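This report goes through a protein model with attention to its pocket, its helix packing and its backbone geometry. The sequence and the structure are shown first.

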Amino acid sequence: MPLFSPHGSNKRMSEEAVSFNFSTYLGDVARRKIRGTIEDINTGEKSEVLITASMVLQFITGSTHIPPIGFNPKPTVQFSHEAPGRKMSANTCSNMLTLLVTSPYLNYELFKTEFTSCLLESPGFGNV
C-alpha cells in the first residue's frame, strides 16, 4: 500500500477548491458583482455596499492601496482545517489571510456570503 495518494491528499484538493473560490470571488469583485449589507451601529440603518478590491486589500493588509515599495511582509494565504466554528480572518500585521477549509466553503455561494460577511463585519473596518 503506498504511503501517499498519487492524486494528492483530500486536504490538498479541498485547499485548491477554496483557493479557486477565493480567485473567483476576486474576479467577481473586479466585475463589480459582489455586494454586502452594513448596519450603522448608532442608528440601526442598513445600507448596501459594493465590495471593491481596495476593501478586500484593506481586510487582508490594513491598507487600501499597494504601497510604492510593496508590502513587507508580502501578503500570504494560509489554510485552516481546524476549528469549524471559526470565521475566515486576516492578520494585518503579517498580511496573512486565513481561509477555512471546511465543507461549506467548498461551495462558491457559501464562500462568497461568508467572506463578504467577514470582510464587512471585521472590527475596525473602514477605521484603519
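## The largest pocket

H2 contributes the largest share of the lining of the largest pocket, namely five residues. The model is a predicted one, and the space in its largest pocket comes to about 160 Å³. The residues that line the largest pocket are Phe22, Leu26, Ala53, Val56, Leu57, Ile60, Thr61, Pro75, Thr76, Val77 and Leu97. Two or more lining residues are given by each of H1, helix H2 (53-61) and strand S3 (76-80).

Sorted by class, the lining of the largest pocket holds nine nonpolar and two polar residues, and no charged residues.

## Packing of H1 against H2

Two packed helices are described by the angle between their axes and by the distance between those axes. For H1 and H2, the axes come within 9 Å and cross at roughly 135°, an angle that makes H1 oblique to H2. On the H1 side the contact is made by Phe22, Tyr25, Leu26 and Val29, and on the H2 side by Ala53, Val56 and Ile60. By class, the residues of this contact of H1 with H2 are seven nonpolar, no polar and no charged.

Some of these names return from the pocket: Phe22, Leu26, Ala53, Val56 and Ile60 are among the residues that line the largest pocket, and they also take part in the contact of H1 with H2.

Helix H1 (residues 10-30) packs with helix H3 (residues 108-121) at an angle of about 65°, and their axes are 10 Å apart. H1 is therefore roughly perpendicular to H3, and the crossing in which H1 passes H3 is right-handed. In H1, the residues Val18, Asn21, Phe22, Thr24, Tyr25 and Asp28 meet Tyr108, Phe111, Lys112, Phe115 and Thr116 in H3. By class, the contact of H1 with H3 comprises six nonpolar, three polar and two charged residues.

For H2 and H3, the axes come within 10 Å and cross at roughly 70°, and the two helices are therefore roughly perpendicular to each other. Met55, Val56 and Phe59 of H2 make the contact with Phe115, Cys118, Leu119 and Leu120 of H3. This contact of H2 with H3 has seven nonpolar residues, with no polar and no charged residues.

## Backbone geometry in the loops

Most residues other than glycine have a negative phi, and most peptide bonds are trans. Against that background, which residue has a positive phi although it is not a glycine? Arg32 has a positive phi of about 60°, and Arg32 is found in the loop between H1 and strand S1 (35-39).

Pro73 has its place in the loop between H2 and S3.

Key:
Residues are numbered from 1 along each chain as its sequence is written. This is a predicted model: local features need pLDDT of at least 70, side-chain atom pairs count only at pLDDT 80 or more; totals for chains, interfaces and linings use all residues. Side-chain values use heavy atoms; hydrogens and water are left out. Axes are lines fitted to C-alpha atoms, for helices over the stretch in contact, and angles run from 0 to 180 degrees between N-to-C directions. Helices (H or I, at least four residues) and strands (E, at least two) are DSSP runs, numbered from the N terminus. Angles under 35 degrees count as roughly parallel, over 145 as roughly antiparallel, 65 to 115 as roughly perpendicular and the rest as oblique. A crossing is left-handed if the near helix is turned anticlockwise from the far one by less than a right angle, and right-handed if clockwise. Contact means heavy atoms within 4.5 Å. Ala, Val, Leu, Ile, Met, Phe, Trp, Tyr, Cys and Pro count as nonpolar, Asp, Glu, Lys and Arg as charged, and the others, Gly among them, as polar. On a 1 Å grid over the protein atoms alone, a cavity is a set of points where a 1.4 Å probe fits but cannot get out, and a pocket is an open set with protein on both sides within 12 Å along at least five of seven lines; lining residues have an atom within 4 Å of a point. Grid points are joined across faces, edges and corners, and a volume is the space filled by probe spheres set on the points.
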